[in-house]
Amino acid sequence: MRVVVAGATGLIGSRTVARIRDHGVEAVPVSRAAGVDVNTGQGLDQALRAAEVVVDVTDAPSRRQEASTAFFTTATGNLLKAAAAAGVEHYVALSVVGADRVGSGYFRAKAAQEDLVRHTTVPYSVVRATPFYESVVAAVTAGARPDGVHVPPLLLRPVSTDDVATAVAHVAVDLPRFGVLEVAGPEELRFEDVTAELLTSRGRPGPVIADAQSPFFGAVLQERALLPGPDAHVGHQTFAQWLKNR
Ligand SMILES: NC(=O)c1ccc[n+]([C@@H]2O[C@H](COP(=O)([O-])OP(=O)(O)OC[C@H]3O[C@@H](n4cnc5c(N)ncnc54)[C@H](OP(=O)(O)O)[C@@H]3O)[C@@H](O)[C@H]2O)c1
């Protein structure tokens, strides 16, 4: 089996390549660093030659709705066209939990990407992950203000990129699902509590301000908007373990 991983230099992509190889399967890394541009299509047909599976773990350079929608529409559109032409038997796209219900910001872009995947002729699977620990940390950094750290009052099930990559690789070497698998972390946590834990681990405890207008992934969210359903695959690594191993 030959699996092409688009976005192979990224947080998820680099780990997914390794986990696919753990299955004893050939993984072909694709990214601009490897001379393939999913936006312009440069090098794409050649990269997908003889591929049976394509894993799409590319990401947009922006969390803004318009820019990210433009990226995923073009990139996934090009990847799907090339996959169909190459006779690919399984297309796996990584999306975000909430893409089907939030309706704004980056989630809108991921919904547009999922629509393309669902309506292709290529058999597909969509994996929707909850926010990665890295994204939670980035939001905490971005929320720093003179009076403290502003974060939205959300319930989260954040997940490690190792757990997500393991799940994506497993889906990639399995049969197409023609549907969605959700992947989440092992703990349900309040954003404010994760923030306090992170600040303490950095030796800089300070005020954490629950700010309902504070956006996450370019959207103002309801408290439970990012929680997965009851059938989600649950990863192993807790936030405390992830912090310790960083
Ligand atoms: N962050 C989260 O919390 C979260 C949660 C759930 C799901 N996800 C999903 O996870 C996926 C992967 O995210 P990530 O954090 O691993 O992304 P990342 O680390 O930013 O990596 C993005 C990858 O896309 C490649 N890429 C970008 N533009 C490209 C282009 N024009 N042509 C070819 N390759 C291109 C990059 O490689 P080059 O720069 O070398 O081209 C890189 O390998 C995304 O689709 C995201 O929606 C993220």
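Predicted model: local features only at pLDDT ≥ 70, side-chain atom pairs only at ≥ 80, totals over all residues.

Q: Which residues come nearest to the ligand?

A: Of the 24 residues around the ligand, the nearest are Gly10, Ser31, Arg32, Asp59 and Ser135. Look at the elements too: H1 and strand S4 (90–96) are the ones that give two or more residues to this shell. By type, the shell has 12 nonpolar, eight polar and four charged residues.

Q: Back to H1, then. How do I describe two helices that pack together?

A: For two packed helices, you give the angle between their axes and the distance between the axes. Here, take helix H1 (residues 11–22) and helix H6 (residues 161–172): their axes come within 8 Å and cross at roughly 50°. That angle is why H1 and H6 count as oblique to each other. The crossing of H1 past H6 is right-handed.

Q: Which residues of H1 and H6 meet?

A: From H1, look for Leu11, Ile12, Arg15, Thr16, Arg19 and Ile20; they meet Thr161, Asp162, Val164, Ala165, Thr166, Val168, Ala169 and Ala172 in H6. Sorted by type, this contact has eight nonpolar, three polar and three charged residues.

Q: What about serine 160: buried or exposed?

A: For that, you count neighbours. Serine 160 has 22 other C-beta atoms within 10 Å, so it is buried. You'll find serine 160 in the loop between strand S8 (155–156) and H6.

Q: How far is serine 160 from threonine 238?

A: In sequence, serine 160 and threonine 238 are 78 residues apart, but in space they are 7.8 Å apart, C-alpha to C-alpha.

Notes:
Residues numbered from 1 in each chain as written. Axes fitted to C-alpha atoms, helices over the stretch in contact; angles between N-to-C directions. Helix = DSSP H or I, 4+ residues; strand = E, 2+ residues; numbered from the N terminus. Parallel < 35°, antiparallel > 145°, perpendicular 65-115°, else oblique. Left-handed = near helix turned anticlockwise from the far one by under 90°. Contact = placed C-beta atoms within 7 Å. Nonpolar A, V, L, I, M, F, W, Y, C, P; charged D, E, K, R; others polar. Buried ≥ 20, exposed ≤ 12 C-beta atoms within 10 Å, placed from the backbone. Near = placed C-beta within 6 Å.
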